Amino acid sequence: MQNTALLQSRGMMLESLHLLEHLTADSARRRAMSCCDSETAVLKNILLRCAVSDEGCFVSRLRSGRYIAEVYSGKEEFPLATIQELLSRHLDTEMKAVSFSHRNLTRYCFYEVPAWHLEYAVQSRNAPAYERCGDHADAFTDAAGNQYLVISDGMGSGSAASLASRIAVKTFRNLTSCDMPLDSAVRLLNVLLMTETNTENFATLDILFLNADTGELTFCKSGSAASLFCRDNEMQQITAKSFPLGMMPDAAPSRTKMQAQKGDYLILLSDGISEAEYPYIRQILAQNPEPEQILKAVFEKAAVFHGGTVRDDMTVIAARTESRVSVPVSKKRQHSADSVTIR
């Protein structure tokens with residue numbers, strides 16, 4: 001047992017060092033972003049006009065050319081909508097805003113509306129035998145307008161599973177809100193959960209990431225259930241060969257990438273949804289429904305596909321890709337090594 005614990009500690013130390021190296025390299029790459037001095041001066045003037053005392057602010061351009069701006073302020077009443085409107089007017093483009101709280105300081109981020117975004121709906125239901133759902137889901141946008149859809153399923157059911165899944169999702173969101181890249185955030189979260197192995201704090205993590213500039217979709221799975229990708233009435237099942245977080249120091253998530261096209265449907269599911277329901281979901285998607293309609297149909301039929309009784313927690317995120325740019329439709333279908341076409 002001592003040898004096992006020693007090997008585990010060494011594994012965690014090596015993974016931590018690799019992670020630190022990765023974060024340092026990524027930080028160096030992000031410094032290459034172009035800072036806009038004249039636009040930053042405009043932002044400072046806007047803050048002055050709004051009587052906002054800031055702890056720092058700047059405007060810069062992403063590699064795609066989109067504007068992003070940040071303001072750090074401890075002011076409790078921050079005129080977010082006013083600053084967003086004035087900044088949009090001065091930059092002659094539509095800006096959106098998100099905010100992240102860090103103790104007594106709030107980071108207000110403004111980003112130029114990107115080419116791609118997801119319309120989505122999220123719903124969870126706990127198994128009848130438990131008061132709390134062991135799954136936890138979230139959907140959020142980072143400081144540049146990229147989107148994340150996340151589901152975590154804690155090992156087991158009830159309160160213990162609910163706590164593990166909530167910790168996984170909340171921690172992942174906090175890490176990415178600090179501009180940590182997806183891969184680094186998952187690896188760090190795994191190391192953090194490894195420190196709680198005495199309580200068997202394991203959790204699956206299912207992530208869909210949309211690059212708002214390029215339209216690239218990344219499915220990142222750690223021991224999670226299959227996801228569904230539907231285009232032109234053809235549906236693929238995206239599967240994962242990976243471990244839940246918190247089990248192994250160097251556990252690597254499974255990744256599948258593909259280029260989005262306008263109108264693609266993306267369905268993230270917890271394992272409480274039966275695979276027998278997948279063909280039915282395909283029939284629903286053929287009707288070009290809204291994301292909320294997909295959730296309603298899936299949950300209404302869930303008991304039927306479970307033999308009449310639902311015994312596990314269920315979570316579904318339904319999303320559809322939307323684009324402001326026209327993308328040539330590729331005649332060649334995109335399949336990953338871990339995808340299966342459902343007919």
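Begin by selecting strand β7 and its neighbour β8 (residues 147-153), which run antiparallel and are joined by 7 bridges; strands here are DSSP runs of E with at least two residues, helices are runs of H or I with at least four residues, and both are numbered from the N terminus. Two strands count as paired if DSSP finds at least two bridges between them. The model is predicted, so local features need pLDDT of at least 70 and side-chain atom pairs count only at pLDDT 80 or more, whereas totals for chains, interfaces and linings use all residues. Residues are numbered from 1 along each chain as its sequence is written, and side-chain values use heavy atoms, with hydrogens and water left out.

Within this pair, pick Asp-138, which stands opposite Val-150 in β8.

Now widen the selection to the open sheet, in which 5 strands follow the order β7-β8-β9-β10-β13 with antiparallel pairing. The edges are β7 (135-141) and β13 (254-259), and because each has a single partner strand, one side of each is left without a neighbour in the sheet. On average, neighbouring strands of this sheet are turned by 10° against each other, direction ignored.

Next, show helix α5 (residues 182-194), whose 13 residues reach 18 Å from the first C-alpha to the last, close to the 18 Å expected at 1.5 Å a residue; the expected span is 1.5 Å times one less than the number of residues. α5 lies across β8, β9, β10 and β13, and runs at about 165° to β9, where contact means heavy atoms within 4.5 Å, and angles run from 0 to 180 degrees between N-to-C directions of axes fitted to C-alpha atoms, for helices over the stretch in contact. Among the buried residues of α5 are Leu-182, Val-186, Leu-189 and Met-194, buried meaning under 20% relative accessible area, exposed over 50%, and partly exposed in between (1.4 Å probe, protein chains only).

A salt bridge is a side-chain nitrogen of Lys or Arg within 4 Å of a carboxyl oxygen of Asp or Glu. Lys-221 is buried at a relative accessible area of 1%, and Asp-206 is buried with a value of 1%.

Finally, select Glu-70, Arg-107 and Asp-179, which are linked in a network of salt bridges.
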